[in-house]
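Colleague: Could you take a close look at one part of this model and describe it in a connected account? Please state the cut-offs behind each term as you go.

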Amino acid sequence: MAKEPVRVLVTGAAGQIGYALVPMIARGVMLGADQPVILHMLDIPPAAEALNGVKMELVDAAFPLLKGIVASTDAAEACKGVNVAVMVGGFPRKEGMERKDVMAKNVSIYKSQASALEQHAAPNCKVLVVANPANTNALILKEFAPSIPEKNISCLTRLDHNRALGQISERLSVQVSDVKNVIIWGNHSSSQYPDVNHATVKTPSGDKSVRELVADDAWLNGEFISTVQQRGAAIIKARKLSSALSAASSACDHIRDWVLGTPEGTWVSMGVYSDGSYNVPAGIIYSFPVTCKDGEWKIVQGLPIDDASRQKMDATAAELVEEKALAYSCLA
């Protein structure tokens, strides 16, 4: 029996991440090759013409799974009945802007989009915030959409997680699909902590630890971490544009694993509302290792944390606590 279509919202849909993301969703990359979708695309009025161009291309691509398209500059219309919301739209930091100015712009955007989701989205809507500062934008959205369960609001750190997998795969010349269980702790910023202490690689003689196989702690504790932390900046330098293809692909990975589940014995990184696990302050959106089953995520518990990791985990948490205070001051 054919499945009912799932309504997926993409905000900032005429932007470059949106342009990379919507065909992936329409092709079944996000929700599965047997799951029909109706795409809801939202952008700001100055982008209305470009948004219509994206809609035309989606029609022209004749995706079998795409059962309808809503393209709008009205948040209420775009949010109506959506089951999944991918929040890509935000205000990017421009040269000469203070952090507080960027925060104030994004607080007002996420406050109004939260209200639209609160009033018009489907009751169990799953929300993924991609736009930076992603963790804090997600927190603002949670504050202003109180009827959406906090467990349904997340932010994207899967891009960082995938970047870490890619670096290990390149270093060891192994398939990226054979590397698993890296962790991104904390903020989707350069304070994040990419942790390989529990990561493994599948080898002919069974799973081996990444540390054992790399056999170079100086690289793992230094260049590896900084490469993952600074990868976004390196891509901007190379392309003169920010990561779009990889961000879109990671957003699909995040939602797919959340909805369809993670493989047995594998965890992924998601920015979720902290409950105090691993002594991370409660009340911030922080990236943890999670497993997913039946549409629910669960933080992986009981992993041993060494002193060096603890320091890095605390530093990124402190940045998020500070960002939260800054965001709330913008609301005052």
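Modeller: In this predicted model, strand β7 is joined to strand β10 (residues 200–203) by two bridges, and the two run antiparallel. Strands here are DSSP runs of E with at least two residues, helices are runs of H or I with at least four, and both are numbered from the N terminus; two strands count as paired if DSSP finds at least two bridges between them. Within this pairing, V179 is set opposite V201 of β10.

As to provenance, residues are numbered from 1 along each chain as its sequence is written, and side-chain values use heavy atoms, without hydrogens or water. Because the model is predicted, local features need pLDDT of at least 70 and side-chain atom pairs count only at pLDDT 80 or more, whereas totals for chains, interfaces and linings use all residues.

β7 also contributes to a pocket. The second largest pocket has 17 lining residues, and V176, S177, V179, K180 and T266 are those nearest its centre. A pocket is an open set of points on a 1 Å grid over the protein atoms alone where a 1.4 Å probe fits, with protein on both sides within 12 Å along at least five of seven lines; a lining residue has an atom within 4 Å of a point. Two or more lining residues come from each of α6 (158–172), β7 and β10, and α6 supplies the largest share, three residues. By type, the lining comprises six nonpolar, five polar and six charged residues; Ala, Val, Leu, Ile, Met, Phe, Trp, Tyr, Cys and Pro count as nonpolar, Asp, Glu, Lys and Arg as charged, and the others, Gly among them, as polar. The volume of this pocket is about 310 Å³, taken as the space filled by probe spheres set on the grid points, which are joined across faces, edges and corners.

The loop between α6 and β7 holds S173, whose phi is near 50°, a positive value in a residue other than glycine. Most residues other than glycine have a negative phi. S173 is exposed, at a relative accessible area of 67%, where exposed means over 50%, buried under 20% and partly exposed in between, with a 1.4 Å probe and protein chains only. D294, in the loop between β13 (285–293) and β14 (296–299), likewise has a positive phi, near 55°, and is exposed at 69%.

Two UniProt annotations complete the account; such positions follow the numbering used here, feature names are shortened, and annotations may be inferred rather than shown by experiment. An unreviewed entry lists residues 157–325 as "domain: Lactate/malate dehydrogenase C-terminal". This span is 45% helix and 21% strand, and its end C-alpha atoms lie 21 Å apart. UniProt (unreviewed entry) also places the feature "active site" at H188. H188 belongs to the loop between β8 (183–185) and β9 (193–195) and is buried, with a relative accessible area of 17%.
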